[in-house]
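These are my notebook entries on one structure, written down in the order in which I looked things up.

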Amino acid sequence: MKILSLHGSKFDTKRMVLAAMLIALQIILEKLSIGDPAVLKIGLGFIATALIVFLLGPWIGALSMIINDPISNTLLSSGVMFFPGFTLSAAISGIIAGIFLYQQHISWQRILIYELCQILITNVFFTTLCLYLMGMGQGSSATTFMALLMVRLPKEVISWPIETLIVLTLLKAVERVGLKTTFD
């Protein structure tokens, strides 16, 4: 068992079907959110992200995030404009999650560190940067990066322990029932 893993599972029919089902779950969980998607949205998509990478690894996780993002933001959009930067951020999110979770023993320390890295890199930096870039064309009333960051940062600080607890509980349950070994 390594501290971090960049290895992934092979992509066969069984894993492709599982990835498709988990992408569908992620789309549903992302739609169960509150808040303004253009600034501050609280959702449950992180649950499916953790499941995808825990069971399938960082590379299938990144591919799943790349497939999920355009579907969620074009076909099933709730008024949010599609922006390719979010797709890149989603792929990075899948890789980060896979590095920390795939073929790893689940502990509260691992999940706490994983969630911190995930939140800082994708949610705080990349999502804020994408929102800033999308707003740049709005002239002099465009929101500055730091102003957006100050609006988004408290939500991310609050969500860190909550997401950690939810992901820890879920992945421990998946470990306990032996679902993980079905896909190794």
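Entry 1, a loop residue. I looked up Gln 103 and found it in the loop between helix 4 and helix 5, where helices (H or I, at least four residues) and strands (E, at least two) are DSSP runs numbered from the N terminus. I noted that Gln 103 has a positive phi of about 55° although it is not a glycine. For background, most residues other than glycine have a negative phi. Gln 103 counts as partly exposed because its relative accessibility is 39%; on this scale buried means under 20% relative accessible area, exposed over 50%, and partly exposed in between, with a 1.4 Å probe and protein chains only.

I am reading a predicted model, in which local features need pLDDT of at least 70 and side-chain atom pairs count only at pLDDT 80 or more, while totals for chains, interfaces and linings use all residues. Residues are numbered from 1 along each chain as its sequence is written, and side-chain values use heavy atoms, with hydrogens and water left out.

I recorded seven helices and two strands in the protein, and along the sequence they follow the pattern α-β-β-α-α-α-α-α-α. The protein has 184 residues, of which 43% count as buried.

Helix 1 and helix 2 pack at an angle of about 165° with their axes 7 Å apart, the axes being lines fitted to C-alpha atoms, for helices over the stretch in contact, and the angles running from 0 to 180 degrees between N-to-C directions. The two helices are therefore roughly antiparallel to each other, given that angles under 35 degrees count as roughly parallel, over 145 as roughly antiparallel, 65 to 115 as roughly perpendicular and the rest as oblique. Their crossing is left-handed, a term used if the near helix is turned anticlockwise from the far one by less than a right angle, with right-handed for clockwise. I listed the contact residues, including Leu 18, Leu 22 and Leu 29 of helix 1 and Ile 47, Leu 51 and Leu 55 of helix 2. The residues of this contact divide into 12 nonpolar, three polar and two charged, where Ala, Val, Leu, Ile, Met, Phe, Trp, Tyr, Cys and Pro count as nonpolar, Asp, Glu, Lys and Arg as charged, and the others, Gly among them, as polar.

Met 16 is found in helix 1, which spans residues 13-31, and is partly exposed, with a relative accessible area of 42%. Met 16 and Ile 60 are 44 residues apart in sequence, with a C-alpha to C-alpha distance of 8.7 Å. Ala 24 also has its place in helix 1 and, at 37% relative accessibility, counts as partly exposed. The C-alpha atoms of Ala 24 and Asn 68 are separated by 8.0 Å.

How do the axes of helix 2 (residues 45-56) and helix 4 (residues 84-101) cross, and at what angle? I found that they come within 8 Å and cross at roughly 55°, so helix 2 and helix 4 are oblique to each other, and the crossing is right-handed. Among the residues making the contact are Ala 50 and Val 53 of helix 2 and Gly 94 and Ala 97 of helix 4. That contact divides into five nonpolar, four polar and no charged residues.

The axes of helix 5 and helix 6 (residues 145-177) come within 8 Å and cross at roughly 150°, which makes helix 5 roughly antiparallel to helix 6. The residues of their contact divide into 19 nonpolar, five polar and four charged. Thr 127 lies in helix 5 (residues 108-135) and is buried, with a relative accessible area of 17%. Leaving aside neighbours within four places in sequence, Thr 127 is in contact with Phe 86, Ser 89, Thr 122 and Arg 152.

Definitions and conventions. Contact means heavy atoms within 4.5 Å.
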